[in-house]
Amino acid sequence: MPLDIYLNVAVAGVLTGLVYGLMALGLSVIFGVVRVVNFAHGEMMTIAMYIAVVLFSAFHLDPLVMMVPIAMALFAFGYVLQKGLINPFITRPEHSQFLLLVAVAIIMVNVLLILFGPDARNVQTSYAYDSFQVGPLIVDATKLYAGIAAVVVTALLFCFFRYTRMGTAIRACADNYTGALVVGLDVKHLYALTFGLGAACVGAAGSMLVLIVDVTPPLGPAYTLLAFVIVITGGLGSLPGALIGGVLIGFTEAMAGLLFTPSAKSMFAFAILVLVLLFRPQGIMGKRAA
Amino acid sequence: MIGRLFDGVPARALILGAALLALAIAAPLFASDYMLTVLILIFYFAYVGQAWNIMMGFAGQLSLGHALYVGLGAYTAAALFVHFGIGPWIGLLVGVPIAVAAGAFIGFLAFRFRVGGVYFAILTIAVAEFARVGFDHLSWTAGSSGLFLPVKQYSGNDLWTLRGLPVMFYYLLLAATVAAFIACRALLKSRIGYFWLAIREDEEAARAAGIDTFRYKMIAVVISSGMTAFAGVVYAFYYNNLFPEQVFHISRSIEIILAPIVGGVGTLFGPVLGAFILTGLAETLTGALAAIGVDIPGAKQVFYGICLLFVILALPDGVWPWVARHLKLTERRE
C-alpha cells in the first residue's frame, strides 16, 4: 500500500479522535469533579445525536450550527439529572452509583428505541462529500470542521476552569470536598453545574459525531466504554489529556481498521487501556497521586 | 465445622430457608414448561450473582466483566464437545482453569500495580470486551457466526453429557445455587472471610494489621472466576449455541451483577432474592404488556429501568437487608 493511504487514514483517525476526545472530556469533568461513574455517558451522546438528526430532517438545520443549542439542551438535562437523581448518591459506594446510572442508561436507550425505532439514522449535509486536498493528503471536510470545533470547545472549557470564579470554585470542589463546604461553596449546585457542563460537552460531541457515524439506540454503551478508555488513557482530570487520549484512540482505531480488520479495531483501544493502566495508571497527562 | 455454619442463625430463618428449599425442589412437579424456564433463569442468575458477590460483596473488588468467565467456561466446554466429543464434566476441568487463569491474570495485574476501584472495574470490562472481539475472530470457535452444539430430541436425561430436558438443568442449577450458598457461608465464617471483610472495609488498615491483601484479593478473584465458569458450561449445554456478541457482551456482565446489587451486596441471600425479583419482574412485565396489547420494542425495558431506579432510590442497600429487618420486627411484636 502506498504511504499516502496510511497518511490519509491517520489524519482521518486523528480528526475523529478529537471528537472522541471532546466526548471523553465531558466524562473527565464529571468523573474528575463529581466522582460519579457516569455509565450513561454514551447514552447521553446518542440523545444529542438524535436531537441533531431530528433538527436536520425536520428543519434542515446544520448539526454544526446547532451544536450550541444542543449543548445547552444537554446542559439543562445534565443539571437536572445531577440535582434530582445523582446528588444524593455522591457519597454512596460505587456499585450503588453504578446501578443508578445503569438504570438511567437502560431507560434512555429504550426511550430512544421507542421514539426512533431500531434503524440507523444519519445526517446528509450539503458538504458531506467535500474534501480539502493538501499535496497527497485528502481531508474530509466534515471531519475537519468537527475536529476544529472539538479543539475550540476544549479551549473554551479550559479557559472557563482556569480564569473564571465559577471554574475555580468547581476545581476547589474537586480538590477538597470538605474544604469546599467549609469555605461556604454551594457544592451541590456546583456539582450540578459540572454535570451539566460535562453533558454539554457530550452534546457538542454528539452533534459533530452524527456527521461521521450513523446513530442507533444501542450505540450508547459502546461509547460509554470508549469514553472511559479515553479518559483513563489521557489522565483523569486533565483536559488536554482527554483530547490527547481521544486522538490516540482515534488514531489507533483507524490504523487497526486499515492494517487488520475494522471489526477488530476496538480490541486495540482496550489493549492500549490495559497497557496504560499497568505502566502509567495516572494516564498520559495525569499527575501521579500521592 | 457444620455446626459453625449455623451459628447465630435464628431458628425462624432456618425454617424459612428449609421451606423455600423444599418448595424449590418440588417446583417442577407443578410448574408449567414456561415457569420452569423462568426458574432456570432465576437460579442461573442466583448462582452467578453469588459468585460475583464473593469478589464485590466480600472482598470489595468491583468486577464489571464477569461475562468473561461465563464465556470462557462456555466456549471451552462447547468447543471441546463439538470438536472432540469431550463431555461437559471433562470440559469443566479445562474451562474452569482457563477462566481462573484469566481472573488471576486480571487480578495479578490490577493488584500488583495497585489498580483499584473504578479503574479496576474498567479493566475488567476492557478484558471482557477484548475477549469478545477476539472470539469474534477466532475461527476454531466459528467466530462471529456462532458455535452450535449438536441437538436432537431427548427422551431421557443424561447428566454425564448434560443432554436432556430442562428439568435436569433446573435441578443442576438449583444444586449449584445451594452449594454456592453454603460454600459462601462457610467462607464468610472462615479466616479468609474475615480477611476479605477487613479488606473491603478499609484496605490500608487491613494491610497495616498484617493481612496479605494481595493474596486474599487474588483468592477472591480465583474462587469467583472459577465458580462463574461452571455456570458458563451449564449455559453452553442448556442453550446449545454461543455467539461472542451475546456471551461476552457488557450487557451480560451487567445482568449478572444486577441481582446481587438489588438483593443486597455482601449478603448471602441477596443474590438469590435479587434474581427472583429481577427475573420475575422482567417476565411479569412481558406478560403484562402482552396482556394489554402493547407491542412496542423497548417498552418493557423502560419499565424495567424505572423499577430498577425505584429500588435503588428506595433501598440503596438492597432488598434483602430490608426484608431481614422486617421479618425480625414482626417476630418481636409477636
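**Exercise 1. The interface**

How many residues of chain B are in contact with chain A? Work out what the chain B side is made of, keeping in mind that this is a predicted model.

*Solution.* 
- Step 1: Start with the count. On chain B there are 36 residues in contact with 32 residues of chain A.
- Step 2: Find the elements behind them. Helix H6 (117-136), helix H12 (250-263) and helix H14 (299-314) of chain B each give two or more residues to the side that touches chain A.
- Step 3: Look for the main contributor. H6(B) supplies the largest share of that side, with twelve residues.
- Step 4: Sort the residues by class. The side of chain B that touches chain A has 27 nonpolar, seven polar and two charged residues.

**Exercise 2. The overall build of chain B**

*Solution.* 
- Step 1: Count the elements, and you get 15 helices and two strands in chain B.
- Step 2: Take the dimensions. The C-alpha trace of chain B spans about 55 × 50 × 40 Å along its principal axes.
- Step 3: Look at burial, where 44% of the 334 residues of chain B count as buried.
- Step 4: Ask how far apart in sequence the partners sit. Among contacts in chain B with a separation of 6 or more, 75% come from residues 24 or more positions apart.

**Exercise 3. One leucine in a loop**

Is Leu64(B) buried or exposed?

*Solution.* 
- Step 1: Locate the residue. Leu64(B) sits in the loop between helix H3 (33-58) and helix H4 (67-84) of chain B.
- Step 2: Count neighbours. The cut-off for buried is 20 or more other C-beta atoms within 10 Å. Leu64(B) has 27 C-beta neighbours inside 10 Å, so it counts as buried.
- Step 3: List the partners beyond four places in sequence: Leu64(B) is in contact with Ala121(B), Thr124(B), Ile125(B), Ser253(B) and Ile257(B).
- Step 4: Compare sequence with space. Leu64(B) and Phe81(B) are 17 residues apart in sequence, and their C-alpha atoms are 29 Å apart.

**Exercise 4. Helices that pack**

Two packed helices are described by the angle between their axes and the distance between the axes.

*Solution.* 
- Step 1: Begin in chain A. The axes of helix H10 (residues 239-259) and helix H11 (residues 265-279) of chain A come within 8 Å and cross at roughly 140 degrees. Angles over 145 degrees would count as roughly antiparallel; H10(A) and H11(A) are therefore oblique to each other. The crossing of H10(A) with H11(A) is right-handed.
- Step 2: See who meets whom. Residues of H10(A) in the contact include Leu248(A) and Glu253(A), while those of H11(A) include Lys265(A) and Phe268(A). By class, this contact of H10(A) with H11(A) has six nonpolar, two polar and two charged residues.
- Step 3: Move to chain B. The axes of H4(B) and H6(B) come within 9 Å and cross at roughly 35 degrees. Among the residues making the contact are Ala67(B) and Tyr75(B) of H4(B), with Val127(B) and Phe135(B) of H6(B). The H4(B) and H6(B) contact has seven nonpolar, one polar and no charged residues.
- Step 4: Finish with helix H5 (residues 88-112) and helix H10 (residues 213-239) of chain B, whose axes come within 7 Å and cross at roughly 145 degrees. H5(B) passes H10(B) in a right-handed crossing, and their contact has 18 nonpolar, nine polar and one charged residues.

Methods: Residues are numbered from 1 along each chain as its sequence is written. Chains are lettered from A and ligands numbered from 1 in the order in which they are written. This is a predicted model: local features need pLDDT of at least 70, side-chain atom pairs count only at pLDDT 80 or more; totals for chains, interfaces and linings use all residues. Helices (H or I, at least four residues) and strands (E, at least two) are DSSP runs, numbered from the N terminus. A residue is buried if 20 or more other C-beta atoms lie within 10 Å of its own, exposed if 12 or fewer, and partly exposed in between; C-beta atoms are placed from the backbone. Two residues are in contact if their C-beta atoms, placed from the backbone, lie within 7 Å. Ala, Val, Leu, Ile, Met, Phe, Trp, Tyr, Cys and Pro count as nonpolar, Asp, Glu, Lys and Arg as charged, and the others, Gly among them, as polar. Axes are lines fitted to C-alpha atoms, for helices over the stretch in contact, and angles run from 0 to 180 degrees between N-to-C directions. Angles under 35 degrees count as roughly parallel, over 145 as roughly antiparallel, 65 to 115 as roughly perpendicular and the rest as oblique. A crossing is left-handed if the near helix is turned anticlockwise from the far one by less than a right angle, and right-handed if clockwise.
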